[in-house]
Amino acid sequence: MAQFLQQMVNGLALGSIYALIALGYTMVYGIIALINFAYGEIYMFGAFTGLFLVLTWKANLYLAIFGAMAFTTVLGLVVERVAYRPLRRSRNAGRLSALISAIGASIFLSTLMVLLHGPATTGFPTLFQNRNFVLGGASISLYQILIIGVSALLMVGLDLFVRYTKTGRAMRALSQDADAAALMGVNTDLMIAITFAIGSALAGAAGVLAGIYFNAVQPYMGLMAGLKAFAAAVLGGIGSIPGAVVGGLLIGLAEIMGVAAKLSDWKDAFAFAILILVLLVKPSGLLGRSIIKKV
Amino acid sequence: MSTVDNSVSGAVPGAPAPRRQPAWLELWPVQALLFLALLVAVWAVTEALNLVIPAYQGQILLFTGINVIITLGLNLITGVTGQLSLGHAAFMAIGAYAAAICTVSLHLPFALALLLGGLVAALFGVVLGFPTLRLSGDYLAIATLGFAEIVRVVNTNLKITNGAIGYYGIQKRVDLPLVAMLAVAAVAAMAWLENSRNGRAMRSVREDEIAATASGVNTTFYKIQAFAVGAFFAGVGGGLYAHTTTFIQPTDFGFLKSVEQLSMVVLGGMGSIAGTVLGTIVLTAAPELLRFMSNYRMLVYGATLIVLMIFRPGGLLGGVDLRDAVRRALMLGRSRTVRTSVGGDGQ
């Protein structure tokens, strides 16, 4: 039982990171139905910005997280402006063209980081002394508390923002019916940009947290994390914000449980196996709305 | 069914429609003979080319041919039938491993191994095709992606594939004439399939699934058929790849490989055979041509994808009817202006 509780804690910490990235996927998808494949790379850039701030400016934890979030916000806006917006304007650009453009952006960003930093893995310097607390048989480290705490804070903040601010309402309107929202005076381009900015900021925070937790930062870390977070978003029902959180936590838990069951060689397959099984039973994801297509 | 055929053919360049060929050209023995003559010509040309061309360029041509076979399969699934697949490399992996195991462990003849590799991949195509019964759009895309990741992890952990170390000791059995002839045969087979009743049914699934169902097209059947045939092509291509490189490992067929194949299809022009071939040639050659930039080449590659999508979102040959363009250039017959549509905007 204590063993199980322990794995729950570990899974929750990992799942929080997936959930943070998944939120970015799901928000962008909910609004413009685009799979933003450059997301994993934005997360990776977040981790590197945090690392850079800590190494060169001796920034503390909070500064590193905020700095990374600020930088990835700008990066997300730039990617949106350069790679996606022109395609949205173009009359005969289909969804697939946007997807390929996103893939191009993803390749560009990861190669850029290889050029800037080199392909090697770098450890994250210790920011504070890690300590373990024993809670009902399971031990939880300060790092895990930090990850779960910061993720929860950001998620609650996002939820409040989307639910109670004017901008949040405009975003929800846009995701329901873009044309109608535009007719009601919603500045769609601005709202889309804000969505990208928020999602990118969350990915940046997730990058720093993951860098600290795994003590490893490298230019290709975004690919697998991005794919799994995307799987998490779809698992929870893409477009649904609580769905992304549920999906992320589930995938984190499943992976940790798999590792605990001595199946760590198969770890990378768990997320996707669960995803496919869930989709076979419930094609729109756990919390997704099923869309009935009418003629 | 005949009503479906008529309604769909309007959007198909080169299907029934006003153009008239001499009647004798449409007889199948004539076409078969022409095809054989073409194969012989391709064989003669590439055999000669093989003598004069430097080994490095020959290798690039070889990989281009293999990639053409594979991407034609993806074009059938994604371009013609409209089912977005992000896991095509998995079929290639399955074909590559199956063919390699056939020749190395089972000592089967190479040709049989290639065929078996294709068939095993096709079998998995059917297995993966079943989720498409219920999934659509991006849900399908992520399911195919997940499938490919699972195949990669399974290949990394199985004994028979020699795990992460990779499968080695495969004999090099592939040369340029063989690949060229198979690639030409693949193009011919695809052209024939797309202009057949099955091909038109697949196109109708892409254009409007509900209308297709209402017209009596069994959409499930054609989706699975597209997956099976597309996977078969990828499997054969994978077998060729294994017997070219003589060494394969699970990471050869990762997510980035699937993405590369999808970029080839989309860059050339979705649903167009000529476009797929062109996109494959460009994207196979590009990293090699950009090699002088060493570290910057993938940077340029990524940027090129973005720029091309901004300026030609339908792909290089999207919206170009190649037969029409050739005919106009040769001043033969009258020109038609049928746009090859990329999803949705068919009429």
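Among contacts in chain B between residues at least 6 apart in sequence, what percentage join residues at least 24 apart? I found 79%, where two residues are in contact if their C-beta atoms, placed from the backbone, lie within 7 Å.

I noted that this is a predicted model, in which local features need pLDDT of at least 70 and side-chain atom pairs count only at pLDDT 80 or more, while totals for chains, interfaces and linings use all residues. Residues are numbered from 1 along each chain as its sequence is written, and chains are lettered from A and ligands numbered from 1 in the order in which they are written.

I then read that chain B has 14 helices and 2 strands (DSSP runs numbered from the N terminus, H or I of at least four residues for helices and E of at least two for strands).

Next I looked at the contact between the chains, which takes 40 residues from chain A and 35 from chain B. On the side of chain B, H6(B) gives the largest share, 11 residues.

Last I turned to chain A, where helix H3 (residues 61-89) and helix H8 (residues 188-214) pack at about 140°, with axes 7 Å apart (axes are lines fitted to C-alpha atoms, for helices over the stretch in contact, and angles run from 0 to 180 degrees between N-to-C directions). H3(A) is therefore oblique to H8(A), since angles under 35 degrees count as roughly parallel, over 145 as roughly antiparallel, 65 to 115 as roughly perpendicular and the rest as oblique. Among the residues that meet, I listed A:Ala64 and A:Phe71 in H3(A) and A:Ile192 and A:Phe196 in H8(A).
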